[in-house]
Amino acid sequence: MSPPNPAAPPPRADSASQPEPSSRRVTWRERQGVWRPGSVPVNTIVAGTRTLVRALVSFALLPVLVDRIGAAPSGLFIFATTVTGYFTAVEYGLATSVTKYVAEHRATGDAEQLGSVVRASFILLAGLGLLIGTALALLGVVGGPALFGGAAIHGEVTPTLLVAGATAVFYWPSRIGTAALEGLERYDLSAIIQMVSSVATFALIYVGTELTHSVATLTALFGATLVLEGVAAGVLAWPALGLRRGLGQWRGAHLRPVLGFGGGLFLIGLSDTFVYSLDRTIVAAFVGAAGIVVYEVALRPHNGVRLISGLIGAALVSTSSRLVAQQRGGWLRELALVGSLYSIVLTVPLVVLAMLLAHPIVVAWVGPAYGRHAVYVQIFLSYWLIGANTGVLSSAITGTGRIRVFVRITVISSIVTLALSIWLTSAWGTVGVIWGTVIPSWLGLPLWMHFALRHLGIPKARYAREVLVVGYLPSAIWTVPVFLAERVLHPRSLPALAAFCVVALAALWLALAPMLRARWRRMALGEAPGG
């Protein structure tokens, strides 16, 4: 990619870079440009493929680990490879800030502030990497043996967490590459890198478990691919940023908006840490390392749906930021409406199928011994029946930068979730931490939606009419024949389950394709109402 001229960013032909919606005639060249590399449709499709690949790798990896190294070592491996996720709040805050401000400053042509954001954020992430690495090393030496006291893995705990700490030192500065590439609206390239990384991770772990049962060695293999993923993204992003030596500052006024906005996102990310990452610590403390595997059986289908629900919105953070910088609020609202509709149509049928087939899926995936925990999957997934449309709205709000009220909502929700999870896990075991996560999510969603639509200037009646009714009604009708077909066919093997899901989803999505295509073209090609 040739470096752009910061003073005049190259015109983009994707859906969100056309003039405000109007009824003008659309040329053939503009229709073709909707599908150019880096456009919203291409970014979304490639990111969706990335989500599918990562979900398949995640599902395939768990039974391989349990079968080859045992439940307790698998629990330690999962803990060590996700313990960096305890600091996801830091990455979510700073990396998303980089993505937003790279898009914004390129749109306004402010090359000096762009340089300040990238340079200072890199130094900050490198410092955080050292701090987090030190914290993980101390955890490995001081707290790890007490947390994982089982004789089978006692000697593995300290070296494994030391490896996780070393990984963190390099992982955090490498995130600047992914954040900058996505700020350039090249989510497609970022997704391709992540797909290659996921497949490489699975191959390395698969071969590694043939050669060794050392959890520390397997954790090192996992961490190496994560670091290389960020480095590869940085190599691709750097030429397109067009930064020059000496342009920008390492500290000062240019960085204050980034730190302020990033601080808000940090607190939102911290709630995510409480809601998900700390669950494993709670389970380990009250149930034991093997309990983490049971929790993962419920969590991984939930995470798969969560990724799918967010994949459309995930490709819109930089686009939303650019539209705000260009003062094109009409396009942002149209993008939020159409994206939310697509997200519901994509996510809700998957949730219905996963809940309906939870027991046979779990049995075919990890074995009959875990079949009784299928209800945990259903409890976890229940939130996404109503939360399927939040990813796009969240990205649009991030683009506006108006996140103060959402910080308050998420901080309160995270405190309630943490307290409830500890209490219910101490009383009920692993299922308690799942209920502790789901209950506050259900209760807090209506308030979150109220402020989200108000901040974006979308009337509730319009959102209900153009998104909720159109998105949920076909799925509700489709559920009836799918339920009856499952009772007649009883799919039980993985191939049979996969075939049943593919046919059921294809029937619904093909039926809805003309409506979805028409709705996208109205918005993307300039025929939707503005506002």
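Is A180 buried or exposed? In this predicted model, A180 counts as buried, because its relative accessibility is 3% and the cut-off for buried is under 20%.

Let me place that residue. A180 sits in helix 6, which runs over residues 154-183. Leaving aside residues up to four places away in sequence, A180 touches V98, V102, A237 and L241. There is also A95: 85 residues separate A180 from A95 in sequence, and the C-alpha to C-alpha distance is 8.2 Å.

Now the helix itself. Helix 6 has 30 residues, and from first C-alpha to last it reaches 43 Å, close to the 44 Å expected at 1.5 Å a residue. Helix 6 does bend, by about 30 degrees, at W172. A proline, P173, follows within four residues of that bend. After helix 6 comes E185, and the phi of E185 is positive, near 65 degrees.

Next, the cores. The largest nonpolar core has 127 residues. Those with the most contacts inside this core are L353, L393, F406, I434, L456, Y463 and W478. The most is given by helix 12, residues 329-356, which puts in 14 residues.

Take F406 from that list. Again not counting residues up to four places away in sequence, F406 touches I268, I397, W448, F451, A452 and H455.

As background, nonpolar side chains tend to be buried together in soluble globular proteins.

Key
Residues are numbered from 1 along each chain as its sequence is written. This is a predicted model: local features need pLDDT of at least 70, side-chain atom pairs count only at pLDDT 80 or more; totals for chains, interfaces and linings use all residues. Side-chain values use heavy atoms; hydrogens and water are left out. Helices (H or I, at least four residues) and strands (E, at least two) are DSSP runs, numbered from the N terminus. Buried means under 20% relative accessible area, exposed over 50%, partly exposed in between (1.4 Å probe, protein chains only). Contact means heavy atoms within 4.5 Å. The expected span of a helix is 1.5 Å times one less than its number of residues. The bend at a residue is the angle between axes fitted to the seven residues ending there and the seven starting there. A nonpolar core is a set of buried Ala, Val, Leu, Ile, Met, Phe, Trp, Tyr and Cys residues joined through side-chain atoms within 4.5 Å.
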